[in-house]
Amino acid sequence: MTDENQRDRSAPENPLPQTVAVFCTDQLFVLYQVLTLNGVLKMVGDRPRVFVLGLQGLPALDARGVRIIGLLAERCRRSGTCLVIGGAGPQPLTMLARAGLLDEIGPQNLFPRMREALVRAQLCAQH
């Protein structure tokens with residue numbers, strides 16, 4: 001097996017700057033627990049330049065999940081942190097759109113694949 005095949009294909013070519021915080025989950029329960037414990041919101045409070053929320057493997061988002069992401073988006077906006085969402089499937093995107101969060105997050109910060117979100121995070125961290 002070559003080094004190319006061994007490399008994590010979801011990772012960007014260059015390492016992420018320290019100013020980028022990444023949180024990935026594939027289960028709503030984990031998202032609820034972490035946010036209930038203020039884990040992710042605390043990281044945003046530490047003011048990374050970019051916060052990447054990975055939703056790959058999360059097939060559906062309910063109203064509580066949308067509310068949590070809305071709170072996260074608001075916290076990011078207030079602290080000047082760029083929120084990037086990667087790996088969001090059709091149902092989570094539909095739920096975010098219904099809640100009006102697509103405009104708040106920005107279509108340029110929503111990606112169906114995590115790799116694209118991480119590349120965007122690198123770009124945001126440089127500006």
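The model examined here is predicted. Arg98 belongs to helix α5. Its C-alpha atom is separated by 9.5 Å from that of Val66, a residue 32 positions away along the chain. Together with Pro90, Arg98 is an exposed residue on the face of α5 turned away from the buried side of the helix.

The buried residues of α5 are Pro92, Met95 and Leu96. Seen down the helix axis, these residues fall within an arc of 100 degrees, so they line one face of α5. An α-helix has 3.6 residues a turn, so residues three or four places apart point the same way. The cover over the buried residues of α5 includes α4, β3 and α6. Just after α5, Gly100 adopts a positive phi of about 80 degrees.

The protein as a whole contains seven helices and four strands, arranged along the sequence in the pattern α-β-α-α-β-α-β-α-α-β-α. Of its 127 residues, 43% are buried. Among contacts with a sequence separation of 6 or more, 80% join residues 24 or more positions apart. The accessible surface amounts to about 7,300 Å², and carbon and sulfur atoms account for 53% of this area.

The largest nonpolar core comprises 20 residues, and those with the most contacts inside it are Phe51, Leu53, Ile69, Leu83, Ile85 and Ile105. At least two residues of this core are supplied by each of β1 (20–24), β2 (50–54), α4 (63–79), β3 (82–86), α5 (90–98) and α6 (101–105). Helix α4 provides the largest share, five residues. A second, separate core has twelve residues, including Val52, Ala121, Cys124 and Ala125.

Ile85, one of the residues with the most contacts inside the largest core, lies in strand β3. Its relative accessible area is 0% and the residue is therefore buried, the limit being under 20%. With residues up to four places away in sequence left out, Ile85 touches Leu53, Leu55, Ile69, Leu96, Ile105, Asn109, Leu110, Phe111 and Ala117. Of these contacts, Leu110 is 25 residues from Ile85 in sequence, while the C-alpha atoms of the pair are 5.0 Å apart. Leu96, also in contact with Ile85, is one of the buried residues of α5.

Helix α7 (residues 114–126) has 13 residues, which at 1.5 Å a residue should span 18 Å. The C-alpha atoms at its ends are 19 Å apart, in agreement with that expectation. In α7, Met114, Ala117, Leu118, Ala121, Gln122, Cys124 and Ala125 are buried. These residues cover an arc of only 165 degrees around the axis, so they lie on the same side of α7. They pack against β1, β2, β3 and β4 (110–111). Ala117 of this set is in contact with Ile85, and Ala121, Cys124 and Ala125 are among the residues of the second core.

Cys24 is found in strand β1. With a relative accessible area of 38%, Cys24 is partly exposed. When neighbours within four places in sequence are set aside, Cys24 is in contact with Gly54, Gln56 and Met114, and Met114 is one of the buried residues of α7.

For Cys76, the nearest cysteine sulfur is that of Cys82, 8.2 Å away. Cys76 is buried, with a relative accessible area of 1%. For Cys82, the nearest cysteine sulfur is that of Cys124, at 3.2 Å, and Cys82 is likewise in no disulfide. Because its relative accessibility is 17%, Cys82 counts as buried.

How values were computed
Residues are numbered from 1 along each chain as its sequence is written. This is a predicted model: local features need pLDDT of at least 70, side-chain atom pairs count only at pLDDT 80 or more; totals for chains, interfaces and linings use all residues. Side-chain values use heavy atoms; hydrogens and water are left out. A nonpolar core is a set of buried Ala, Val, Leu, Ile, Met, Phe, Trp, Tyr and Cys residues joined through side-chain atoms within 4.5 Å. Buried means under 20% relative accessible area, exposed over 50%, partly exposed in between (1.4 Å probe, protein chains only). Contact means heavy atoms within 4.5 Å. The expected span of a helix is 1.5 Å times one less than its number of residues. The arc is that of the directions from the helix axis to the C-beta atoms. Accessible areas come from the Shrake-Rupley method with a 1.4 Å probe; for residues, only the protein chains shown count as cover. A disulfide is a pair of cysteine sulfur atoms within 2.5 Å.
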